[in-house]
Amino acid sequence: MTDLSETLAFDQTRLDKVRALREKGIDLYPATFERKDTIADIRTKFADITHDKSEESVATAGRLYIIRNHGKTIFADLGDESGRIQLYLRKADLGDEAFGFFNQYIERGDFIGVTGHVFRTKLGEITIWVDTITLLSKAVCPLPEKFHGLTDVEKRYRQRYVDLIVNEESRQGFRDRSRIISSIRRFLADRDFLEFETPILQPVYGGANARPFTTFHNCLGQKLFLRIAPELYLKRLVVGGFERVFEIARNFRNEDIDTHHNPEFTMVEIYWAYHDVYDMMDLTEDFLASLVREIHGSQEIKFEDTTISFKKPLHRLSMADAVREYAGIDIFAHTVEELRTLAVQHRLKETEKPQTQREFLVYFFENMVEEKLVQPTFIFDFPVENSPLAKRHREKEGFTERFELFICGMEIANGFSELNDPLDQKERFEAQDKKRQLGDLEAQMIDYDYINALGYGMPPTGGVGIGIDRLVMLLTGNNSIKEVILFPSMKSMQVEGDEAAGKESPAAEPAPKN
C-alpha cells in the first residue's frame, strides 16, 4: 500500500528553515497578533494618500503572496480576507538583522504581521512602508506557481484550502453562497416562518425516493439511516401546532455523483399550514425573485450563454402539456403499447419498464422534456404512483397536487399540497414498501410513527423543498455542483484498516437489501 505520509506537500527546504528557526528559539506560531487594521480598512482610510509617508501608523497581518527582492529593498504583496496591499521593506530602516531574517526565512505563503506607515509609490500603488515584521505562521507547503495558480480541477476539489488561498474567484463564489443562505433565512423569517432542526440519524428514512446511507448505533444496538429529507419530521411539527416551519438541511443520498448530484447536499424545506400547492408555487416565485434581486440587483441572470429571467409570473405547464409541447406526444391519445413503440422509435432506454399511461407520462417527461426546460418553468399535475406524500388531485383522477420547478434543465424545487389523510398515507407507504421489497432501492419505507402523527390531525398544508446547491450554481454561474460545495464527495485517498481492503468495519452493518 502507498504510504499516505508521502502525499504530504511538505517542502524540505522549508522544513530546514523551521528547524533552524527553532534552534534560534524563535516562536514560529505565536498565539496572537494585535492587528489594528484590515487591508480594506487601510485602503479606505488612505485612499487619498500622497507620496509622503502617513503620520499615522498601521498594524496589519496576512499571508504573503508575492515577494520581489531588489537587493537592499523588497516589495511584497500581503493579503487578508478583505484584499491585498503592497509592502515596502528597506534594509536601511529595518536594520541588518530584521532585513536578513526576512530575506533568509520568510517565503510566499507565510503569515506575517507588520507595522509601518502608508504612502503611494511613483506608480500610484498604495503601500505600507514597513517598520517591524513578526512571523505568525511558517508555511511548510509551497503555494502553487504564482502566474497560473491552481489549475488541476481534482486538486482544487480535494484541497479546497489551496484553491481558496490562490483563487479569488473561488473565494468570491463561496462568499456568495453564504449571502444566498443568509438571504433565504431573512426572506422566511420576515414572513414569520420559524427555523427548526430535525434528526439527521433516523430509524426510518423517508420524505423522498432515494437510496439511504446506513450506519449502526452501538449504544442503542440498532441500525440507523442518514436522512434523505427532513420532510416527515417537519410535518410532525405542523401536527404539533407550528403553522410556518422551515429547515436548511444537510441531506444524504447514496446515489451517483455527477455535475448536478452530490451524495451530501443542502436544501431548504418549507411547510405552511392552511395553504396548498398553488400557494407554494406563488411563495417559490416570490422567494426566487427576491433572492435574485438581492444577489444580482435585477430580475435576470446570465448562465453560460443564456439570459434567465425570473420576472413574475413564471411559466406554468401541466406535465401532460409539457410532454405534448416539447416531445410532441399526446400521452392519453395512445395505448400503452403504442407509447412503448414511440419510446423504441426515439431510442430511449428501459422501454419495458413503464406499464401504464401515467408511468409513460413520467418516463417521456424525464427522458425528452426536462433538459429542454431552460427558462424557469413550473411543471404540475404529477401521477399518484410517484408522489407518495402529495395529496390526491381535487379534480383529476390518478394525479396529485404536486409541482416541480425546472431551470436550465435542472430540478430546483419540488412542492405539494401535503397528504394529510392517515389512511391514504398508510396505503401509499405500503405500495412503496412493496416496491422496496421487490428491489427498488429508492422506494420509501413505512413510517408508522408518521402515520400515527397524521392520525392526530394535520391541517391542510402546502410544502416545498428547494435545492440550495443547484440554486447557488445558477446564481454564481457555475455548471458543476462541485464548484459550489466546499468539500464535495470524492473517492478518499485515506482509508482505515479493513476498509482499505474493501471490508466493512465491525461497527457498521451492510446496506439493506431493499
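This is a predicted model: local features need pLDDT of at least 70, side-chain atom pairs count only at pLDDT 80 or more; totals for chains, interfaces and linings use all residues.
Buried here means under 20% relative accessible area, so C408, at 19% relative accessibility, counts as buried. Across the protein chain, pLDDT averages 93, and 94% of the residues score at least 70.

**Confidence**

- Watch out for residues 498–514, where pLDDT stays under 50. The model still has 27 contacts beyond four places in sequence for that stretch.

- β17 (residues 410–417) is mostly covered, with six of its eight residues buried.
- On one pairing, β17 meets strand β16 (residues 399–407) in the antiparallel sense over six bridges. R402 has F416 in β17 as its bridge partner.
- On another, five bridges join β17 to strand β18 (residues 461–467), again running antiparallel. Here N414 stands opposite G465 in β18.
- The hairpin of β16 and β17 has two residues between the strands, and C408 takes its positive phi near 55° in that hairpin.

**The β7-β9-β8 sheet**

- Three strands make up an open sheet in the order β7-β9-β8, with antiparallel pairing. β7 (201–202) and β8 (214–217) stand at the edges with a single partner strand each, so one side of each is left without a neighbour in the sheet.
- β7 pairs with strand β9 (residues 222–226) in the antiparallel sense over two bridges. L201 stands opposite L226 in β9.

**L194 and its surroundings**

- L194 is in strand β6 (residues 194–195). At 41% relative accessibility, L194 counts as partly exposed.
- Leaving aside neighbours within four places in sequence, L194 is in contact with F242, R244, V245 and F246.
- F303 is another story: its C-alpha atom is separated from that of L194 by 32 Å, and the two residues are 109 apart along the chain.

- Most residues other than glycine have a negative phi, and most peptide bonds are trans.
- R347 has a positive phi of about 60° although it is not a glycine. You'll find R347 in the loop between α11 (336–345) and α12 (357–368), and at 77% relative accessibility it counts as exposed.
- The peptide bond from K312 to P313 is cis, with omega near 0°. P313 belongs to the loop between β13 (306–309) and β14 (315–318).

**Cysteines**

- There are zero disulfides in the structure.
- C219 counts as exposed at 69% relative accessibility, whereas C408 counts as buried at 19%.

**The second largest pocket**

- The second largest pocket has a volume of about 820 Å³. Its lining takes in 31 residues, of which T7, R158, Q159, Y161 and V162 lie nearest its centre.
- The elements that give two or more residues to this lining are α5 (153–158) and α6 (160–166). The largest share, four residues, comes from α5.

Technical notes: Residues are numbered from 1 along each chain as its sequence is written. Side-chain values use heavy atoms; hydrogens and water are left out. Buried means under 20% relative accessible area, exposed over 50%, partly exposed in between (1.4 Å probe, protein chains only). Contact means heavy atoms within 4.5 Å. Two strands pair if DSSP finds at least two bridges between them. pLDDT is the predictor's confidence in each residue, from 0 to 100. A disulfide is a pair of cysteine sulfur atoms within 2.5 Å. On a 1 Å grid over the protein atoms alone, a cavity is a set of points where a 1.4 Å probe fits but cannot get out, and a pocket is an open set with protein on both sides within 12 Å along at least five of seven lines; lining residues have an atom within 4 Å of a point. Grid points are joined across faces, edges and corners, and a volume is the space filled by probe spheres set on the points.
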